[in-house]
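Please read the briefing below alongside the sequence and the model, which are shown next.

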Number of protein chains: 2
Amino acid sequence: MNKKYRLDGRIWINCGEYPSIGQGKIELLIKIREHGSLRQAALEMKMSYRQAWFHVSNINHSLSTPAVILSRGGKDGGKAVITPSGEKLIDTFLTIQADFEHFLNEQSLKPGLLEI
Amino acid sequence: MNKKYRLDGRIWINCGEYPSIGQGKIELLIKIREHGSLRQAALEMKMSYRQAWFHVSNINHSLSTPAVILSRGGKDGGKAVITPSGEKLIDTFLTIQADFEHFLNEQSLKPGLLEI
């Protein structure tokens, strides 16, 4: 196999009856933390406010305590705050993601994959 | 996070300009090896003969030597034979896949994921 080939993949947290939590939702949470605003986070993720709201609602329901607290009102349309539970979710996922990227790199460096 | 939650994911070989090779195409190759027939393999994979043929063609073009040799004719519509190159592709992928499943289980057993 040519050297331009490499192992790739993705991981997600399977949440039983709720939608899985993967890279996209974690990025949304990081944007929310950055801006303190669901609207701004949605804009940067190129998704509708409604779509972002549903993601946050699903994440909140799948955890034992919510990851994001939304408050209405104010001229910017309310605030969004990441809770300690949300912080832990972000940290845990990013740690696993880093381990996964390490795994992919390690596997790509094994002689077998390049010798197909 | 509830104990019913677990880490999940998938991996594939990124083949540059050619379509990626993942679990589905490897399963197709295994079925071809089992039956010696692309038609029978397609049937078991619940895909059309045409779709299976395109997958095999793409796999063959992305390797330096073909993974499958198709020969026409005969009452069963020709034979399909996995080459040593194809065997190596199957073995390499299954080995990486087993390592990946080990990775997922290890991560799921870490305390962090269940404590979100």
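In chain A, β1(A) and β2(A) form a hairpin that has two residues between its strands, and Gly16(A), which sits in the turn, has a positive phi of about 65°. Strands here are DSSP runs of E with at least two residues, helices are DSSP runs of H or I with at least four residues, and both are numbered from the N terminus. This is a predicted model, in which local features need pLDDT of at least 70 and side-chain atom pairs count only at pLDDT 80 or more, while totals for chains, interfaces and linings use all residues. Residues are numbered from 1 along each chain as its sequence is written, and chains are lettered from A and ligands numbered from 1 in the order in which they are written.

**Strand pairing**
- β1(A) is joined to strand β2 (residues 18-22) of chain A by three bridges, and these strands run antiparallel; two strands are taken to pair if DSSP finds at least two bridges between them.
- Within that pairing, Cys15(A) has Tyr18(A) as its bridge partner in β2(A).
- Strand β1 (residues 6-15) of chain A is also joined to strand β1 (residues 6-15) of chain B, through nine bridges and in an antiparallel arrangement.
- Across the two chains, Arg6(B) in β1(B) is the bridge partner of Asn14(A).

**Make-up of chain A**
- Chain A has five helices and four strands, and from the N terminus on its elements follow the order β-β-α-α-α-β-β-α-α.
- Of the 116 residues in chain A, 31% are buried; a residue is buried if 20 or more other C-beta atoms lie within 10 Å of its own, exposed if 12 or fewer do, and partly exposed in between, with C-beta atoms placed from the backbone.

**Nonpolar core**
- The largest nonpolar core holds 54 residues, and Leu29(A), Ile32(A), Leu29(B) and Ile32(B) touch the most other members; such a core is a set of buried Ala, Val, Leu, Ile, Met, Phe, Trp, Tyr and Cys residues joined through C-beta atoms within 7 Å.
- Leaving aside residues up to four places away in sequence, Leu29(A) touches Ala67(A), Val68(A), Ile82(A), Gly86(A), Leu89(A) and Ile90(A), where contact requires C-beta atoms, placed from the backbone, to lie within 7 Å.

**Loop residue Lys46**
- Lys46(A), although not a glycine, has a positive phi of about 55°, and Lys46(A) lies in the loop between α2 (38-44) and α3 (49-62) of chain A.
- Lys46(A) is exposed because 7 other C-beta atoms lie within 10 Å.
- In chain B, Lys46(B) likewise has a positive phi of about 55° without being a glycine.

Key:
Contact = placed C-beta atoms within 7 Å.
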